[in-house]
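Colleague: Could you walk me through this one? I am still learning how to read such things.

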Amino acid sequence: MAFVRSAIISLALAAVANAALTKRVTCPDGHITANRACCALFPVVLNLQENLFDGGECGEEAHSALRLAFHDAIGFSLNGNKGGEADGSILLFNATELTFHANDGIDDITARQFPPLGTANCPGTPRLQFMFGRPPPFAPTPDLTVPEPTDDVDTILARFADAGFDASGVVALLSSHTIAAADVVDVTIPGTPFDSTVGTFDTQVFLEVLLAGRSFPGNGSQPGEVLSPLAGEMRLQSDFVVSRDSRTACLWQAMVNNQQLVVSSFSAAMAKLQVLGQNVNTMVDCSDVVPEPAPFAGPIKFPASFSMADVEQACVSTFPQIQTVAGSAPTVAPASGS
């Protein structure tokens, strides 16, 4: 996540990354931070908000920033047989890593991203931790370390376990799909959201993945997708199988209409993800440069024409009571900026 160093932040910032901690510091531009090393980041944040994130929009660039963070970090292996870590190698060695199939669709964002900032533009998102100052990557991450939509649950859980995440961590990180969209699963419909509230970080994706499928959003069935309940929405095969597997079904269902749980679990999982393979004792916590996200207005609801009768429940626990939006079934619009 915060591994996005030289491609976004000048080398001058790295030189101050190990500055001594102080109680509170007033920066030259008036911002207040816990560490003087973070002062140089506030102008970077302002520039990115204006020129990359379209004035602070939860659009395609914000979604891409989060995807980039995951794809860089998940190459880490506790067993040391993968070679990657949260080090920004996808930026420095993009000529190599962008040839990997799992990284299709992120070639246009690798030089300009700041994941915690982009995510903060989405209402309901936790204010993610931003650890600053890490050594440059020394090699590209090996191929075949990023889980794919076509993977089965055994493969997904094994890859995450090798990176240090249990099943609850897997489901927590999949919360990101509530503000995500697919560009290359079906190339005829780039920017196809995974839920009907793609501009808001909420639990809608956990509800809608459990609904009975009705159609495909684009050019028929593609590898990595299954029938979606809503027109204009894509349901990843990987999300579908995780939501219904006995090892993860109740973890998935527990997220439905539980904003506090999804926020706390996602925040903790992302804090872990962004420092995989790093020595946090040599880094500076610059989380206070990240804007405070707008709150979630909630609660979530069944899309119009759907109800509990459409839920394909795989967990025996009581399903939360959720109201239905009035009207006819919607068609989900592409993500903003797609």
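Colleague: Where do Arg159 and Asp162 sit relative to each other in helix α7?
Modeller: Arg159 and Asp162 are 3 residues apart in helix α7 (residues 153-163), so about one helical turn separates them; helices here are DSSP runs of H or I with at least four residues, strands are runs of E with at least two, and both are numbered from the N terminus. This is a predicted model, in which local features need pLDDT of at least 70 and side-chain atom pairs count only at pLDDT 80 or more, while totals for chains, interfaces and linings use all residues. Residues are numbered from 1 along each chain as its sequence is written, and side-chain values use heavy atoms, with hydrogens and water left out.

Colleague: And how far apart are the closest N and O atoms of Arg159 and Asp162?
Modeller: They are 2.9 Å apart, and Arg159 forms a salt bridge with Asp162, meaning a side-chain nitrogen of Lys or Arg within 4 Å of a carboxyl oxygen of Asp or Glu.

Colleague: How many salt bridges does that rule give?
Modeller: The count comes to 7.

Colleague: What about Glu312, which partner does its side chain meet?
Modeller: Glu312 meets Arg244 in a salt bridge, at 2.6 Å from N to O. Because Glu312 lies in the segment after β8 and Arg244 in helix α10 (residues 237-244), this pair ties together parts that are 68 residues apart in sequence.

Colleague: Switching topic, is Ala297 buried or exposed?
Modeller: Ala297 is exposed, with a relative accessible area of 74%, where buried means under 20%, exposed over 50% and partly exposed in between, using a 1.4 Å probe and protein chains only.
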